[in-house]
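Please open the model in your viewer and keep the sequence panel beside it. The stops below are given in the order in which to select them.

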Amino acid sequence: MNSHPSNHRRAVVGGAVLLAAFLFAVPAIAHHGWGGYAQKTSEISGTVESPVSMAGPHATMRVKVENQVWDVVLAPPTRAQQAGLKDGMIAVGEKVTVHGNRHSDPKKFEMKTSRLTWNGKVFNVYPDRD
Amino acid sequence: MRELAVWLQASPLGTLMRDAGPWTYAFVNLAHIFGIAALFGAILILDLRLIGAWRRTPLAAIAAVASPVAACGLALAATTGAGLLATRATEYVGNPFLYVKLPVIAVGVANAILLRRSGAWRALGSRDLSLGERRQLAWMGGTSLVCWLTAIAAGRLIAYW
């Protein structure tokens with residue numbers, strides 16, 4: 001059984017190093033967090049195209065600004081709820097203002113939201129952010 | 001792919017995931033991680049042993065305990081993973097990491113099935129393995145390790161696309 005123990009050990013160590021290198025070489029692209037979004041905050045105002053959805057990793061809604069529909073990415077559902085949002089909230093056609101960081105790809109109409117304003121109410125999904 | 005995603009999203013699983021309250025996704029995600037931890041923790045030890053580590057510990061002994069833990073972990077990870085995907089399946093259409101993850105899982109599972117059916121695996125505990133058999137097991141252990149590491153890496157990166 002123990003014909004070449006040192007060779008095997010080397011193979012194991014070599015394999016582990018290769019795998020570690022592979023894992024750390026993966027580029028740090030980002031969608032989660034603010035990495036994939038513009039550094040500066042901005043604001044859009046428009047009408048609700050689809051109400052707040054609490055499904056999935058992030059609460060979302062869609063807002064129409066002129067003729068462009070924006071994907072509004074809110075906080076994780078639990079956090080969005082703490083900020084006062086509920087599933088299905090804000091009816092289609094209602095006027096809202098969305099403050100946050102837009103997607104760094106100018107062809108993508110997506111806003112990572114820190115604040116949502118509707119009807120004089122402010123939903124601070126990320127109160128620590130500008 | 002899109003048709004499959006539309007179907008999955010509209011399935012009762014997708015509806016359940018979306019309608020069962022704001023903590024649903026978080027807890028299913030948590031269970032997915034427990035599944036991965038059990039699967040990978042067990043398979044890592046088995047695969048390293050197959051490759052040639054800890055040769056004084058009998059492979060049959062490691063195989064007997066690692067295999068069921070890995071299988072349970074895989075079952076948990078796969079069922080919760082289907083739920084996570086079903087929540088908003090159509091949003092993942094075109095996500096390259098998903099297209100890496102699902103095939104490597106298929107290869108990892110196929111590799112595990114082939115391993116269990118191999119003469120070398122069935123001979124564990126009853127006789128000494130030949131050099132050829134040990135090499136075969138080492139290659140299959142290496143294949144397994146690459147598959148599961150890639151699946152975990154690609155799976156994590158789905159969220160960052």
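Which residue in β4(A) is the bridge partner of A:Gly46? Select A:Gly46 and look across: the partner is A:Val96.

Before going on, note that this is a predicted model, in which local features need pLDDT of at least 70, side-chain atom pairs count only at pLDDT 80 or more, and totals for chains, interfaces and linings use all residues. Residues are numbered from 1 along each chain as its sequence is written, while chains are lettered from A and ligands numbered from 1 in the order in which they are written.

**Chain A: the strands**

Select residues 42–53 of chain A, which are strand β1, together with residues 95–102, strand β4. The two pair in the antiparallel sense over six bridges; strands (E, at least two residues) and helices (H or I, at least four) are DSSP runs, numbered from the N terminus, and pairing requires that DSSP finds at least two bridges between two strands.

Next, go to A:Asn119, in the loop between β5 (110–118) and β6 (121–124) of chain A. Its phi is positive, about 55 degrees, although A:Asn119 is not a glycine.

**Chain B: two helices**

Select residues 24–51 (α3) and 59–87 (α4) of chain B, whose axes are 7 Å apart at an angle of about 150 degrees. Axes are lines fitted to C-alpha atoms, for helices over the stretch in contact, and angles run from 0 to 180 degrees between N-to-C directions. α3(B) and α4(B) are therefore roughly antiparallel, a term for angles over 145 degrees.

In the loop between these helices, pick B:Trp54. Its phi is near 45 degrees, positive in a residue other than glycine, and B:Trp54 counts as exposed with 12 C-beta neighbours inside 10 Å.

Finish at B:Gly83, in helix α4 of chain B. B:Gly83 is buried, with 20 other C-beta atoms within 10 Å. Show B:Leu16 as well: it is 67 residues from B:Gly83 in sequence, and 8.6 Å in space, C-alpha to C-alpha.

Notes:
Parallel < 35°, antiparallel > 145°, perpendicular 65-115°, else oblique.
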